[in-house]
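Me: I would like to learn how to read a structure like the one below. Please take me through it feature by feature.

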Amino acid sequence: RREVEAALQRMQEAFDSVDALDQARVDRENVSAERQREQQSQRRDRDQKNVEEYCEGLEEFERTRRRRLQEIDFADQRGKVEVSETLERGVVISEEERGR
């Protein structure tokens, strides 16, 4: 009877040991899964931030491009006026020279 009780006790200890090992494995898996979720969340946050910064950069580029095109257009219009005024002066001078 004592041998049977001792054998039962050893079996119970073995089961407890297996249960403890199994729980430790589950705990490690849970920690690993939590770490993976945290890393994925950090990657998503970083990706989102990168997308936002990229979009802001594109918007700034577009504003700068539009402003520069307006400056070029204004300079072009001013240049046309200056050329036109120069041509008009040239015509006036030519008419005066012809009149002399």
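**Reading the chain**

Reply: Start with the secondary structure. The chain has one helix and zero strands. Keep in mind that this is a predicted model.

Me: What share of the 100 residues counts as buried?

Reply: A residue counts as buried when its relative accessible area is under 20%. In this chain of 100 residues, 0% count as buried. The accessible surface of the chain is about 9500 Å², and carbon and sulfur atoms account for 52% of that.

Me: Which residues form a nonpolar patch on the surface?

Reply: A patch of this kind joins nonpolar side chains that lie within 5 Å. Here the patch is made of Val 4, Leu 8, Met 11 and Phe 15, and together they have about 410 Å² of accessible area.

Me: Now the charged side chains. How many salt bridges does a search of the whole structure find?

Reply: The criterion is a side-chain nitrogen of Lys or Arg within 4 Å of a carboxyl oxygen of Asp or Glu. The search of the whole structure gives nine salt bridges. One of them joins Arg 25 to Asp 22, with 2.6 Å between the closest N and O atoms.

Me: Where do Arg 25 and Asp 22 sit relative to each other in helix α1?

Reply: They are three residues apart in helix α1, so about one helical turn separates them.

Me: What is the N to O distance in the salt bridge of Glu 53 and Lys 49?

Reply: The side chains of Glu 53 and Lys 49 meet at 3.7 Å, N to O. Both residues belong to helix α1, where they are four residues apart, about one turn of the helix. Glu 53 is partly exposed, with a relative accessible area of 41%.

Me: How far apart are the closest N and O atoms of Arg 66 and Glu 62?

Reply: In that salt bridge the closest N and O atoms are 3.4 Å apart. Arg 66 and Glu 62 both lie in helix α1, with a spacing of four residues, about one turn of the helix. Arg 66 is partly exposed at 45% relative accessible area, and Glu 62 is partly exposed at 23%.

Technical notes. Residues numbered from 1 in each chain as written. Predicted model: local features only at pLDDT ≥ 70, side-chain atom pairs only at ≥ 80, totals over all residues. Heavy atoms only, no water. Helix = DSSP H or I, 4+ residues; strand = E, 2+ residues; numbered from the N terminus. Buried < 20%, exposed > 50% of the residue type's maximum accessible area, 1.4 Å probe, protein only. Areas by Shrake-Rupley, 256 points an atom, 1.4 Å probe, with all protein chains shown as cover. Patch = residues over 30% accessible without salt bridge, like charges linked within 9 Å, V, L, I, M, F, W, Y side chains within 5 Å.
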